[in-house]
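Please look over the model shown here.

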Amino acid sequence: MPIYEYECMHCHKVHEVIQKFSEEPLKNCPVCGGELKKLISKSSFILKGSGWYVTDYARKNNSGNGSSNSNTNSKKSEEKST
């Protein structure tokens, strides 16, 4: 379940609430009873493991693929210089 953040328009406290997608947003502050505004916050999950950009595609040497970008780039530069 996602964590939603709400800010009270009266006391300005920020509340984090775990809610289902299907639940209605909160309307009243649990501290003062004031009106709540739902905040948009950054996601905190990180993609890890093989197959993701950070571990596979960011490498300059793609060993195991059968071809490599560095070999292709060096062949193009050799063709230009000759």
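This is a predicted model: local features need pLDDT of at least 70, side-chain atom pairs count only at pLDDT 80 or more; totals for chains, interfaces and linings use all residues.

Residues are numbered from 1 along each chain as its sequence is written, and side-chain values use heavy atoms, with hydrogens and water left out.

**Fold**
- The chain contains one helix and three strands; helices (H or I, at least four residues) and strands (E, at least two) are DSSP runs, numbered from the N terminus.
- Their order along the sequence is β-β-β-α.
- Of the 82 residues, 13% count as buried (under 20% relative accessible area; exposed is over 50% and partly exposed in between, with a 1.4 Å probe and protein chains only).

**Strand pairing**
- Strand β1 (residues 3-8) runs antiparallel to β2 (residues 14-18), and five bridges join the two; strands pair if DSSP finds at least two bridges between them.
- I3 has I18 as its bridge partner in β2.
- β1 also runs antiparallel to β3 (residues 36-39), through four bridges.
- On that side, Y6 has K38 in β3 as its bridge partner.

**The β1-β2 turn**
- β1 and β2 make a hairpin with five residues between them.
- H12 is found in this loop and has a positive phi near 65°, in a residue other than glycine.
- H12 is exposed, with a relative accessible area of 53%.

**Largest pocket**
- The largest pocket has a volume of about 220 Å³, taken as the space filled by probe spheres set on grid points that are joined across faces, edges and corners.
- A pocket is an open set of points on a 1 Å grid over the protein atoms alone, where a 1.4 Å probe fits, with protein on both sides within 12 Å along at least five of seven lines; lining residues have an atom within 4 Å of a point.
- Eleven residues line the largest pocket, and I3, Y4, E5, S41 and K42 are the closest to its centre.
- β1 gives the most to this lining, with three residues.
- The lining has five nonpolar, three polar and three charged residues (nonpolar: Ala, Val, Leu, Ile, Met, Phe, Trp, Tyr, Cys and Pro; charged: Asp, Glu, Lys and Arg; polar: the others, Gly among them).

**Ring contacts**
- K38 lies over the face of Y4, at 4.1 Å from the ring centre (NZ of Lys or CZ of Arg within 6 Å of the ring centre and within 35 degrees of the ring normal).
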